[in-house]
Amino acid sequence: MNVGIVGLGLIGGSMAKSIKARTAHTVWGTDLDQETMTLARMSGAIDGPLTEKNLPDCDLILVAICPGAAIQWVKDHAGNIAPSAILVDLCGVKRVVVKALTPIAAERGFAYIGGHPMAGRERGGFTASSEDLYLGASMILTPDKRTDMQLLETLKAFFLDIGFAGLTFSDPEEHDRIIAFTSQLAHITSSAYVKSPEAQRRRGFSAGSFQDMTRVARLDENMWTELFLDDADYLIRELDILIDNLTAYSAALKSGDAEQVRALLREGRERKATAGGN
């Protein structure tokens, strides 16, 4: 199979490395950064550049760039995508991307499905990418009424082959609602937490909890600003809930109400037990 990858940063670069490490597929890649292109070719992550000439030969196209850029790339190149091809965007939000790309795919005749790999690191770029990034991860797909079972079987086999543990199916609305809590809110919280003056004076006083809280504060502000604004309605709702909860802790501490502090902590512990996870 010929696989084209648009964007060779952390997500696209890891896709390329995973494909080359675990399958016999041919990988064509493109990135605006020429140093990234050189590194990808020299490391064997891609077989060569994705061009207007070989784009029509791609059986699967993975678009791993920011939402606005992804939409524009597909608009600019849709005429060169084969009707037999499958296009999957790997953007971190789904509503805005799926809404824009679905009619283009329908008009041009190629298959399209929204995707979002549930894996990442605090550092981005090709140099942070890894052939092991997706091991054991979940791949979210957003099929619609045009999606046939054979397409899903093809994608399931492909993603399992490169290390994913399984597929999770959602619709764009549900995806964006849940991801606002599980991912975006965590990044905002980390960014706000690390702004305390004590973060600069904590040497010798920090352990695992500090590392856990601050890890994702080392983010790409350009990418995350776009993701936050594309999902602002759901993210604002989650942020307001968090602020209300924090206010309850603050009020209990200010009043010296030990029973209320204990009750709030117990409720959090019980919610965590119910939610499960790491």
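Visitor: Which residues line the second largest pocket?
Guide: Val194, Arg202, Phe210, Gln211, Thr214, Arg215, Ala217 and Arg218. Lining residues have an atom within 4 Å of a pocket point, and a pocket is an open set of points on a 1 Å grid over the protein atoms alone, where protein lies on both sides within 12 Å along at least five of seven lines. This is a predicted model, where local features need pLDDT of at least 70 and side-chain atom pairs 80 or more, while totals for chains, interfaces and linings use all residues. Numbering starts from 1 along each chain as its sequence is written, and side-chain values use heavy atoms, without hydrogens and water.

Visitor: OK, where does glycine 163 sit?
Guide: In the loop between α5 (149-161) and β8; helices (H or I, at least four residues) and strands (E, at least two) are DSSP runs, numbered from the N terminus.

Visitor: Is glycine 163 buried or exposed?
Guide: Buried, at a relative accessible area of 15%. Buried means under 20%, exposed over 50%, and partly exposed in between, with a 1.4 Å probe and protein chains only.

Visitor: What does glycine 163 touch?
Guide: Leaving out residues up to four places away in sequence, glycine 163 touches Arg22, Tyr134, Leu135, Gly136 and Ala137, where contact means heavy atoms within 4.5 Å.

Conventions: 1 Å grid on protein atoms, 1.4 Å probe; cavity = no way out; pocket = protein on both sides within 12 Å on 5 of 7 lines; lining within 4 Å.
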